[in-house]
Amino acid sequence: MASVFGSKLDLLIRLFDTTTGATVGEKTIRFARNGIPVKPEPRDPGTYLFINTGREDFLMRIEVSGYEIYEAEVRYEELDDRIPECDVFLMPSENTSKGEKVLSFSGTLPFLKKIEAICLTKPICGTNEFSSKTNVLSVFTNAGGRSGLETGSYGILHTDNNSYEKIEVEQNVSLQSVRLKTPIQEELASNQPIMRVIYGYAYKDGRYLLRVRDDGQAQKYLVRYEVGDEVRFQELDFFDQEALK
């Protein structure tokens, strides 16, 4: 989709709920570009197009009813030249539009750049085999069903349970196999758990916020965060929290 009705597509944004991975279909949405309100064209639920707006880097701000305000720099050198796409993962606010309970993890850590996590108690499937020639990963599923992996980010839990490798699913190949955007770097063992990545917010002043929905079950996560050029991992129990170190 390089052009739309003869016009140039300069940015495609898709909005997702980071706690569920579902598309955000809320109608009350405000966009701003470098502080100036803009109105991209809506398409499918949660999809918005910036047409003929130019491709200069800018600060994007998104306000959606029931979610925390999202701000991030759009850097075109990091996007595809033909179709600049940006997947935005929104975090539900404490007062969600549907009144659902959420659990929060917050604090301050100097030089923090990114924060995300996987849920240790909710694996989607397990690793089977990976082909470095085709970038196809086959998985083990319950009762031989679908893999449960859609396009997006996931973490393969390492055998020491203290870290994970992040993977990007490009497309489904079969019921139990997917093609990845880039090769897996670590050697796989049989049936390593695969979990969906949940993104948190890391602010410029070192503050961080990670939030999940409270479904009444155990809430144990493995947090991956970047401090300067260092990647760190820390286990998190939302009911017995310990600040990032």
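Two strands pair if DSSP finds at least two bridges between them, and strands are DSSP runs of E of at least two residues, numbered from the N terminus. This is a predicted model, in which local features need pLDDT of at least 70 and side-chain atom pairs count only at pLDDT 80 or more, while totals for chains, interfaces and linings use all residues. Residues are numbered from 1 along each chain as its sequence is written, and side-chain values use heavy atoms, with hydrogens and water left out.

Q: What makes β10 and β19 a pair of strands?
A: The definition asks for at least two bridges, and β10 and strand β19 (residues 207–213) are joined by seven, in the antiparallel sense, so they count as paired. Within this pairing, L103 stands opposite V212 in β19.

Q: Why are β10 and β18 said to stand at the edges of their sheet?
A: The open sheet has three strands in the order β10-β19-β18, with antiparallel pairing. Because β10 (102–108) and β18 (201–202) each have a single partner strand, one side of each is left without a neighbour in the sheet.

Q: Why is D17 called buried?
A: Buried means under 20% relative accessible area, exposed over 50%, and partly exposed in between (1.4 Å probe, protein chains only). D17, which has its place in strand β2, is at 4% relative accessibility and therefore counts as buried.

Q: What makes the meeting of the side chains of D17 and R213 a polar contact?
A: A polar contact is a pair of N or O atoms within 3.5 Å; within protein, one must be able to donate a hydrogen and the other to accept it, and residues adjacent in sequence count only if both atoms are side-chain atoms. The side chains of D17 and R213 make such a contact at 2.4 Å.

Q: Why is the pair of F31 and Y48 called tilted?
A: Rings of Phe, Tyr and Trp (its six-membered ring) pair if their centres lie within 6.5 Å, and planes under 30 degrees apart count as stacked, over 60 as edge-to-face and the rest as tilted. The centres of F31 and Y48 are 5.1 Å apart and their planes stand at 55°, so the pair is tilted. F31 in strand β3 and Y48 in strand β6 are 17 residues apart, and the pair links distant parts of the chain.

Q: What makes the pair of F31 and F50 edge-to-face?
A: The rings lie 6.0 Å centre to centre with 85° between the planes, and an angle over 60 degrees counts as edge-to-face. F31 is in strand β3 and F50 in strand β6, so this pair ties together parts that are 19 residues apart in sequence. F31 and F50 are both buried, and ring pairs link F31, Y48, F50 and F58 into a cluster.

Q: How do you know that the charged end of R33 sits over the ring of F58?
A: A charge sits over a ring if NZ of Lys or CZ of Arg is within 6 Å of the ring centre and within 35 degrees of the ring normal. The charged end of R33 is 4.0 Å from the centre of the F58 ring and is placed over that ring; likewise, the charged end of R207 sits over the ring of Y203, at 4.3 Å from its centre.

Note on methods. Helices (H or I, at least four residues) and strands (E, at least two) are DSSP runs, numbered from the N terminus.
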